[in-house]
Amino acid sequence: MSIMFDLIGSVIIGAYVILMGIRLNSNIGEHAQLSMVALNMQEALVDAVRTMESDFRKIGYGTVDPRTALEVTQPDHIRFKADINRDGYIERIDWAWEKTVGASGDTTMELTRRVSGEPAMVILSDVPMFRLEYLTEAGEPADTSAKGQIQVIQTALKVRSPYAVSDPFRGPDDRTAVEGFWRQTRLVSRNLKRHG
Amino acid sequence: MGKSTIIYVVGLATLLLAYTVMVTDTSTRAVANAAEYYARTSSHTVAVAGANIGTHFVLMGTDTASFAGSMNGVTFTVTIESTLVPGSKRVTSVSTNTYFGRLGESTMHDTVVATFRRLTFSRYGYFSDSEVNGYMSPVSDSLAGGPVWKETGDSLFGYAHTNRRWNLAGRPYFDSKVTAFNPPRTELLDGVYAPVLNGGAEWGIAVPRSAASFTTLESIASSGLPSALFTGEDVGLTFFGNGTVRVRIPPSTGTTRDDTLTMSGLMPNGVLAVTGGDLRVGGSYRGQATVVALSGSAPTKGNIWIDGNLVAADDPLVNPMSTDMLGLVAERMAYVTTVDPATGVLIPRDESSVVRIEAAVYSRRGILAAQAYDSIPPSGRVSFLGTLTMNAAALLGVASETTLHHGFRLSLRHDDRFFGGAPPGFPVPAKFELVSWWEN
């Protein structure tokens, strides 16, 4: 009789523990996925920011006349000249926030970088917000038609994970994309300040 | 219950442990990312700080070969050296940052390279030591003084700088960056004060001039074979579009010398200088040259007189790649001639007359002015394409917005060729300037 109780008891407890384990496994898996997505997004954001900072610091490097270094200064598109590789040749670099249509017909905004007319390279693939502000030496908004006024560039960037994930703390049906935001308030190229 | 329960519990604990490691690793990588970004930013900031200190040393003329330092645990080493380009210096700042990342202790470096050179004054469209009336008559060094205002209708192209302060009223137009040592003196004109500063403005900047450039120019002129240094006499130069130049001493009669040579035959090193005399120039030049007038021991000498049009044979307005460049360097004044020196009679001009000047003008003690600018009748317009570097404000005439009372109106345009190039031996500032700044 006691053997029967042992068997029934262990099956009940075992089943409960297994169910707990499955639930735990599921929660941990979702949480790990969420963390991994957030991490991937953070790594992508850091890489993109590093590339952008590196490019923007070189604006006008190697040009004879820095007044002509900035060619396009729109809120979502910048084009500038610089000897980006220190090879003695001046390149034209574009950073743009562009619409792209996916295979399924859905549209997303992506951040692209193009060097001297070569095909654009997608730096970030789902960018809900990208904004460039051009400021004078005094930190006031510059008249972008007078590019010589521009001494400081302020950038803001929001990036989103390519697919939505559920957050175990908010419920399995609450699927959401992870977002990250980055802002650089005083990105300055010394070459824009020089007189020749 | 017994063994199977223990197996379940141990299994569950193992599963939990594995996932905990995975989640912790994700967190660790996230923190490592942030730590690496911070370390990279610190490293970069310290490299920039080192380059800034090196820059200060170069600009102040107190540079040493190298130095090192440390900020927040990040070390930097700065070297200051001459480059292969004569008269230029390079500051290289390298930072070293040791930090703990995912893989343990790592070392990160960042480099900033700044290059400095003494750039010629020709890159300025308009440069003055002060914005006052610095007119000196041909016979006296006394100055009228008093501020000269840039007002509505005045336009300056190319970099504009004064070593004192600008006097701005109404809506003057500045096409490129404007700099000065002091903030401007401002005034309403017809209720308006709204200068157009297309290139922005910056105050607190001084660009000192030195007399050393004149000594250099004199020695360049005298070291040619034949020597292109004339002493104690006025010299007249008439340029021709075929690359020759007629030399007349004295300029009005040519009794001492009157011959025509090629530019390179007259001034093999590209520089001709007169000390203790004046230079009179005019015509259409081909090639590159700098002509210099020095006062020597005669205080009222050292003037350059521009007799009529003085233009490049290959007009830079038509061909921006033209290689024809002329520098006019005067220790005293650069006059636009308004009285015929041979007859003493006023040169007949009216309000439709145009005098064209294409040159880089540098005046050490004086300015570019029309001879007797404030007493001659309205004489039209001086169309100037080049660069102006002077002790005070240019004075070609007296005009209001709509009416020309005396002399000329001035149409001033910067010749962009002078931004990257200059006539031979054209003066340079006393201190170095930043020409390029590289950051990773």
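Modeller: Two residues are in contact if their C-beta atoms, placed from the backbone, lie within 7 Å. With that in hand we can go through this structure, which is a predicted model.

Biologist: What is the radius of gyration of chain A, and why is chain A called more spread out than a compact globule?

Modeller: For its 196 residues the globule rule gives 16 Å, and the value for chain A is well over that, so the chain is more spread out than a compact globule. Its C-alpha atoms fill a box of roughly 100 × 35 × 30 Å along the principal axes, and the radius of gyration of chain A is 26 Å.

Biologist: Of the 440 residues of chain B, what percentage count as buried?

Modeller: A residue is buried if 20 or more other C-beta atoms lie within 10 Å of its own. In chain A, buried residues make up 27% of the 196 residues. For the 440 residues of chain B, the corresponding figure is 44%.

Biologist: How far apart do the C-alpha centres of domain 1 and domain 2 of chain B lie?

Modeller: The C-alpha trace of chain B spans about 130 × 60 × 40 Å along its principal axes. The domain assignment divides chain B into domain 1, covering 3-117, and domain 2, covering 121-430. Between the C-alpha centres of these two domains of chain B the separation is 52 Å.

Biologist: Which element gives the largest share of the side of chain B that touches chain A?

Modeller: The contact takes 39 residues from chain A and 37 residues from chain B. On the chain B side, two or more residues each come from α1 (3-60), α4 (417-420) and β29 (433-439). The largest share, 16 residues, comes from α1(B).

Biologist: On which side or sides of α2(B) do its buried residues lie, and what arc do they cover around the axis?

Modeller: The buried residues of α2(B), residues 212-222, are B:Ser213, B:Phe214, B:Leu217, B:Ile220 and B:Ala221.

Biologist: Which exposed residues does the face of α2(B) turned away from its buried side carry?

Modeller: The buried residues of α2(B) pack against β14 (229-231), β18 (271-275), β20 (288-294) and β22 (325-330) of chain B. On the face turned away from that buried side, the exposed residues are B:Ala212 and B:Thr215.

Biologist: Which residue in the turn of the hairpin formed by β2(B) and β3(B) has a positive phi?

Modeller: Strands β2(B) and β3(B) run antiparallel and are joined by eight bridges, with B:Ser82 standing opposite B:Lys89 in β3(B). Five residues lie between the two strands of this hairpin, and the turn residue with a positive phi of about 75 degrees is B:Gly87.

Definitions and conventions:
Residues numbered from 1 in each chain as written. Chains lettered and ligands numbered in written order. Predicted model: local features only at pLDDT ≥ 70, side-chain atom pairs only at ≥ 80, totals over all residues. Rg over C-alpha atoms; globule rule 2.2 N^0.38 Å. Buried ≥ 20, exposed ≤ 12 C-beta atoms within 10 Å, placed from the backbone. Helix = DSSP H or I, 4+ residues; strand = E, 2+ residues; numbered from the N terminus. Domains from an automatic or database assignment. Pairing = 2+ DSSP bridges.
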